[in-house]
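Please look over the sequence and the structure shown below before reading on. The briefing that follows takes the topics one by one.

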Amino acid sequence: MLELSDIKSSEEELQDYYAQLSAQHVTPAWIGGGISIEPHSKAVPYLWHWRDLRPQAMRAAELVGTQQAERRVLRLTNPELVGVSASNTLVANIQIVMPGEIARAHRHSAAALRLIIEGGGGYTVVNGERVPMYPGDLVLTPNWTWHDHANDTDGPMIWLDGLDTPLVRMLEAGFYEEYHQERQEFRAGANTSRWHYPMSEMRAIACYMQLLRPGKQTRACRRVCCTNYHVVEGTGYSMVGGRRLDWEDKDVFTVPTWTFTEHFNSGDRPAFLFSFSDAPVMKALSLYREEETA
Ligand SMILES: [Fe+2]
């Protein structure tokens, strides 16, 4: 007969055995970490108000130059991922470039997207192509593309940076390189759409632009991916794992993996929610699932 075995050993025997294993850098898998039947993120739902972020970005621009800071970036950090990132695998950062400033050319393994929040122009050069940056525009700098930023306008440029840096770090796959000059040359008048998705033509990549009409709400859904949101415009709130996050224009919020989320437009304007997630990674590894409430 085959059955589960029942072996009695003394606590002393076990502790002695565990100590031997420990000295050999081996760990018995049956003690310690329990089995998790579904994802539980360490990160929590959280919202950063634009009314708090913008003054701090302007203050950063007074305190630190782009000579000192490779990028003048404020990293939004989840309260449970202290000092790290907004979500488990993706950062959501605020970057500011002041009139006349450049942010020098570099490239890295982490892929980046920028959703422009404020500014009257300015541009990013991606692999020698000049890409304009207007509010609501999405600019992509994929993995290992050279990029530098310049503000040739008379007002500050502020944008949301989304990068998969935490994921790349977790995978220990990160490279970084500085360009041999501060700025890349670019062809005058060359305006390509390869890296540029104007607000009017936004399309799904790992990014989504969601329109929610006044008084409308989405169905509650949870997905195996972490998602960062930016309120392009609108007023409302999201219920995220039982927490209410009240949002208005330009706020940023984060939704951890496998957390029921629904969005409500409580204002009288259409709401535009931009979001980016690590769903493509989950799908590539066959880890993706989603579930709606009945
Ligand atoms: Fe960069």
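The domain assignment divides the protein into domain 1 (46–199) and domain 2 (207–292), with bounds that come from an automatic or database domain assignment. This is a predicted model, in which local features need pLDDT of at least 70 and side-chain atom pairs count only at pLDDT 80 or more, while totals for chains, interfaces and linings use all residues. Residues are numbered from 1 along each chain as its sequence is written. Helices (H or I, at least four residues) and strands (E, at least two) are DSSP runs, numbered from the N terminus.

**How the two domains meet**

- The C-alpha centres of domain 1 and domain 2 lie 22 Å apart, and 22 residues of domain 1 are in contact with 19 residues of domain 2, where contact means that the C-beta atoms of two residues, placed from the backbone, lie within 7 Å.
- On the side of domain 1 that touches domain 2, β1 (46–48), β5 (112–118) and β10 (157–163) each supply at least two residues.
- By class, that side of domain 1 has 14 nonpolar, seven polar and one charged residues, where Ala, Val, Leu, Ile, Met, Phe, Trp, Tyr, Cys and Pro count as nonpolar, Asp, Glu, Lys and Arg as charged, and the others, Gly among them, as polar.

**Strand β5 and its partners**

- Strand β5 is mostly covered, since six of its seven residues are buried; a residue is buried if 20 or more other C-beta atoms lie within 10 Å of its own, exposed if 12 or fewer, and partly exposed in between, with C-beta atoms placed from the backbone.
- With strand β8 (residues 138–141), β5 pairs in the antiparallel sense over four bridges, and in this pairing L113 stands opposite L140 of β8; two strands pair if DSSP finds at least two bridges between them.
- Strand β5 is also joined to β10 by six bridges, and these two strands run antiparallel, with L163 of β10 as the bridge partner of A112.

- Strands of a sheet pair through backbone hydrogen bonds, either parallel or antiparallel.
- Four bridges join the antiparallel strands β6 (residues 123–126) and β9 (residues 147–150), and T124 has H149 in β9 as its bridge partner.
- Strand β15 (residues 227–233) and β18 pair in the antiparallel sense over four bridges, and the bridge partner of N228 in β18 is T254.

**Helix α1**

- Helix α1 (residues 11–23) has 13 residues, which at 1.5 Å a residue should span 18 Å, and its end C-alpha atoms are 18 Å apart, which agrees; the expected span is 1.5 Å times one less than the number of residues in the helix.
- The helix α1 is hardly covered, as the count of buried residues among its 13 residues is zero.
- Just after α1, H25 takes a positive phi of about 60 degrees.

**Selected loop residues**

- Y179 lies in the loop between β11 (176–178) and β12 (196–197) and is partly exposed, because 15 other C-beta atoms are within 10 Å.
- Leaving aside neighbours within four places in sequence, Y179 is in contact with A105, H106, W146 and Q184.
- K250, in the loop between β17 (243–247) and β18 (252–255), has a phi near 75 degrees, a positive value in a residue other than glycine, and counts as buried because it has 21 C-beta neighbours inside 10 Å.
- S286 is placed in the loop between α4 (279–284) and β21 (290–292); although S286 is not a glycine, it has a positive phi of about 60 degrees, and S286 is exposed, with 7 other C-beta atoms within 10 Å.
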